[in-house]
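Me: I have a sequence and a model open on my screen, and I would like to talk through them with you. Could we go over them one question at a time?

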Amino acid sequence: MALTLFARRPAPVEAPAPEPWPEIGETWKPEGVTIAERYYNQAHAVVLVYTTDDGPYGTCYSVACLGCHYATRENGQRTYSTRYGLADAAKVANEHATTCRALPRDIPARPDDDTVRERLHAWVRGARHRDKDVQLWVSDLDLIRLTLQRTNDWIVGVLQQLVVDEPEIVRIERSEYSDYVSYYARRLPEN
């Protein structure tokens, strides 16, 4: 009898197929994000490895769990090049998937444009400091890109409109050597 207790093995469980969007019949592809890899955690929630664009120093990846809200985009143990490459992001996603037991959540709904604009305006206002102007990088939004679901061009358009509408909050600095444009949250006014 003791041998039969150890001989039993649970039946293998197959991972469920990704649910297609009802409108288009394809798997979820959030706007502004390219999904490179998907992993399933222990409860079949999806852990994504994604990128938002090719930066000036190569493509950087982020990791997000659609079960437990885990998200990361950089390795804090390095002193240089802290953003994940594909191999590092895949390793982090796989490690998270093997330990996470969170149940799958619904796919994040695409918010309307006004909601995303307000979130971006709040992000710019929250970045302001009392002692200096703070440079704003679109890549700083990578961890919330799955909920913003907008392209870099759309986000830059919102920042440019914010410069026109509220120049006391954000400013543009153009490079004199190229077409590169930097955005800065202006210093908070002194009392």
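Predicted model: local features only at pLDDT ≥ 70, side-chain atom pairs only at ≥ 80, totals over all residues.

Me: Which exposed residues does the face of α5 turned away from its buried side carry?

Reply: Helix α5 covers residues 152–165, and its buried residues are N152, I155, V158, L159, L162 and V163. They span an arc of only 145° around the axis, so they sit on the same side of α5. The face turned away from that buried side carries the exposed residues D153 and V164.

Me: Thanks! What do the buried residues of α5 pack against?

Reply: An α-helix has 3.6 residues a turn, so residues three or four places apart point the same way. In α5 the buried residues include I155, V158, L159 and L162. The partners they pack against are α3 (113–127), α4 (145–148), β8 (170–174) and β9 (181–185).

Me: Which element gives the most to the largest nonpolar core?

Reply: That core has 17 residues, and L120, V124, L136, L148, I155 and V170 have the most contacts inside it. At least two of its residues come from each of α3, α5 and β9. With five residues, the element that gives the most to this core is α5.

Me: Leaving aside its neighbours within four places in sequence, which residues is V124 in contact with?

Reply: V124 is among the residues with the most contacts inside the largest nonpolar core. Once neighbours within four places in sequence are left aside, its contacts are L136, L159, L162, I169, V170 and A185.

Me: Let's move to the strands. How many residues of strand β2 are buried?

Reply: Strand β2 runs over residues 46–51. V46, L48 and Y50 point one way from β2, while V47, V49 and T51 point the other way, and all are buried.

Me: Which residue of β5 stands opposite Y50?

Reply: Strand β2 has pairings with two strands that we can look at in turn. With β1 (residues 34–40) it pairs in the antiparallel sense over six bridges, and there E37 stands opposite V49. With β5 (residues 62–65) it also pairs in the antiparallel sense, over four bridges. In β5, the residue opposite Y50 is S62.

Me: Which residue takes a positive phi in the hairpin of β1 and β2?

Reply: This hairpin has five residues between the strands. The positive phi there is near 70°, and the residue that takes it is H44.

Me: How far apart are the C-alpha atoms of A93 and V63?

Reply: A93 lies in helix α2 (residues 86–99) and is buried, with a relative accessible area of 0%. Not counting residues up to four places away in sequence, A93 touches Y39, V47, V49 and V63. Although A93 and V63 are 30 residues apart along the chain, their C-alpha atoms are separated by 6.1 Å.

Me: One for the cysteines: how far from C65 is the nearest cysteine sulfur?

Reply: A search of the whole structure finds zero disulfides. C65 counts as buried because its relative accessibility is 3%, which is under 20%. For C65, the nearest cysteine sulfur is that of C68, at 3.8 Å.

Me: Is C60 buried, partly exposed or exposed?

Reply: The relative accessibility of C60 is 25%. Buried would need a value under 20% and exposed a value over 50%. C60 therefore counts as partly exposed.

Technical notes: Residues numbered from 1 in each chain as written. Heavy atoms only, no water. Buried < 20%, exposed > 50% of the residue type's maximum accessible area, 1.4 Å probe, protein only. Pairing = 2+ DSSP bridges. Expected span 1.5 Å × (residues − 1). Arc of directions from axis to C-beta. Contact = heavy atoms within 4.5 Å. Core = buried A, V, L, I, M, F, W, Y, C linked by side-chain atoms within 4.5 Å. Disulfide = S-S within 2.5 Å.
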